[in-house]
Amino acid sequence: MKKTFVHWRFLPAALLLTFLPAMSAEGQYQPDYQPEFDVSDTRSQDYLRDVIALASTLGSAHAIRLLCNGRDDQYWRVYMQELLGIEAPYRSRLRSSMVDAFNNSFQAESSRRSRCDEGAISAEKVYASTGQRLANELAEANLPDGVRSGTTEQ
């Protein structure tokens with residue numbers, strides 16, 4: 001029996017709104033393009049810390065999700081792929097750090113739990129809540145002032 005709970009469904013929208021200004025004008029993903037410099041160097045340390053913490057949180061949640069629902073459930077991994085596509089679509093130190101954080105947290109959580117029980121289900125809820133908080137904080141900190149306050153300048 002699959003054990004599920006209500007997930008935060010607004011992460012993709014929050015992430016998209018957060019980083020929309022950073023996307024190209026055409027909104028096209030160009031995987032073969034390699035920038036001449038690492039764009040992660042231009043971001044604040046707080047931002048880097050939080051986006052890596054979000055990747056780590058997704059890795060932990062993914063481990064529990066697989067434990068409880070089986071290998072076919074890629075719910076949190078898909079969120080991680082979307083986060084990478086928005087934040088670090090090209091090879092960079094940021095992308096490597098995010099992938100490492102996800103994988104390390106996945107491994108740690110996998111070794112910590114051997115069965116899906118109420119503790120695991122509760123932990124996934126905590127990770128989901130933490131991820132939502134981090135995503136909201138990233139969005140709030142990185143949106144332009146007019147969007148951040150819910151108003152638009154005309």
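At 2% relative accessibility, E124 counts as buried. That's a value from a predicted model, so keep the under-20% cut-off for "buried" handy.

**Exercise 1.** Work out which residue E124 pairs with in a salt bridge, and where the two partners sit.

*Solution.* 
- Step 1: look at the side chains. E124 meets R65 in a salt bridge, at 3.3 Å from N to O.
- Step 2: R65 belongs to helix 2 and E124 to helix 5, 59 residues apart, so the pair links distant parts of the chain.
- Step 3: check R65. Its relative accessibility is 6%, so R65 counts as buried.

**Exercise 2.** Find out how the buried residues of helix 4 are arranged around its axis.

*Solution.* 
- Step 1: get to know the helix. Helix 4 covers residues 93-112 and reaches 28 Å from its first C-alpha to its last.
- Step 2: list its buried residues. They are L94, M98, A101, F102, S105, F106 and E109.
- Step 3: look down the axis. Those residues fall within an arc of 125 degrees, so they line one face of helix 4.
- Step 4: turn to the other side. There you'll find R93, N104, Q107 and S111 exposed.
- Step 5: see what covers the buried residues. The cover includes helix 2, helix 3 and helix 5.

**Exercise 3.** Decide whether R112 and E109, which form a salt bridge, are each buried or exposed.

*Solution.* 
- Step 1: find the contact. The closest N and O atoms of R112 and E109 are 2.9 Å apart.
- Step 2: compare accessibility. R112 is exposed at 53%, whereas E109 is buried at 1%.

Technical notes:
Residues numbered from 1 in each chain as written. Predicted model: local features only at pLDDT ≥ 70, side-chain atom pairs only at ≥ 80, totals over all residues. Heavy atoms only, no water. Helix = DSSP H or I, 4+ residues; strand = E, 2+ residues; numbered from the N terminus. Expected span 1.5 Å × (residues − 1). Buried < 20%, exposed > 50% of the residue type's maximum accessible area, 1.4 Å probe, protein only. Arc of directions from axis to C-beta. Contact = heavy atoms within 4.5 Å. Salt bridge = Lys/Arg side-chain N within 4 Å of Asp/Glu carboxyl O.
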